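Student: I would like to learn how to read the features of a model like this one. Could you take me through it step by step?

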Amino acid sequence: MTGQVRTVDGRVAGRRGQATRQKLLDCLSEMLSSSPYRDVKVIDVARKAGTSPATFYQYFPDVEGAVLEIAEEVAKEGAGLTELVAGRSWVGKAGWTTAEQLVEGFLDFWRHNDAILRVIDLGAAEGDKRFYKIRMKILNSVTNSLTDSVKELQSKGKVDKDVSPAAMAGSLVAMLAAVASHQKGFTTWGVKQAELRPNLALLVHLGITGKKPAK
């Protein structure tokens, strides 16, 4: 944990206080994996962390405040998704590799953070600007880089000038997010993960390059 961690009333938390605060966040994250967001209560988080509700309120105004802290940390982690696209080639066999690695990295990130991302999606869908900004921060890490990729391909005459780079990139990332949040649901359609990922990579490759991949 970097920087100074402060309590709700503005005091700087010491090492033990920081450890307690982190334990509360870890316990809350674990509970979000097994309980609906709205059902999680302060007293339950405190009990799981081996402390009291009063201690919880020293660090967070309420459960939502703590959830936002977790969401911000996930957004910071999500910023790393840009590395899956930035500076990567979309030409020839390298283009197929880029598409595959983007899909793998994006779906793995979503699966690893599934519980908090569900809460972020819920908050954003309900119009909470705080959750909406966090969601867009995560998606922009890929959208902006994909937009640049399409622009670069256009500058080299490899993608039609009529294609809107931002519209194409945004559509593909929205598709990736929708599929990522529905990964478990594909099994009810008889689709295995081993089938899902290459087919999703094919759609991404077609969207960015307008061509079938050279494998």
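Student: Which residue forms a salt bridge with E126?

Tutor: A salt bridge is a side-chain nitrogen of Lys or Arg within 4 Å of a carboxyl oxygen of Asp or Glu. Here R38 pairs with E126, and their closest N and O atoms are 2.6 Å apart. Keep in mind that this is a predicted model, where local features need pLDDT of at least 70 and side-chain atom pairs count only at pLDDT 80 or more, while totals for chains, interfaces and linings use all residues. Residues are numbered from 1 along each chain as its sequence is written, and side-chain values use heavy atoms, with hydrogens and water left out.

Student: How is the protein chain divided into domains?

Tutor: Domain bounds come from an automatic or database domain assignment. In this case domain 1 covers 13–60 and domain 2 covers 65–207. Their centres, taken over C-alpha atoms, are separated by 30 Å.

Student: How many residues are in contact between domain 1 and domain 2?

Tutor: Contact means heavy atoms within 4.5 Å. By that rule, 10 residues of domain 1 meet 11 residues of domain 2. Buried area is the accessible area (1.4 Å probe) that two parts lose on being put together, summed over both. For this pair of domains the value is about 880 Å², with carbon and sulfur atoms giving 72%. On the domain 1 side, L32, Y37 and R38 supply 51% of the area buried against domain 2, more than any other three residues.

Student: How many salt bridges are there between domain 1 and domain 2?

Tutor: The count is 2 salt bridges. Helix α1 (residues 15–32) gives the most to the side of domain 1 that touches domain 2, with 5 residues; helices are DSSP runs (H or I, at least four residues), and strands (E) need at least two, numbered from the N terminus.

Student: How many helices and strands does the protein chain have?

Tutor: There are 9 helices and 0 strands.

Student: Is K215 buried or exposed?

Tutor: Buried means under 20% relative accessible area, exposed over 50%, and partly exposed in between (1.4 Å probe, protein chains only). K215 counts as exposed because its relative accessibility is 67%. K215 lies in the segment after α9 (193–209). Leaving out residues up to four places away in sequence, K215 touches K93 and W96. K215 and A94 are 121 residues apart in sequence, yet 8.7 Å apart in space, C-alpha to C-alpha.

Student: What share of the 215 residues is buried?

Tutor: Buried residues make up 42% of them.
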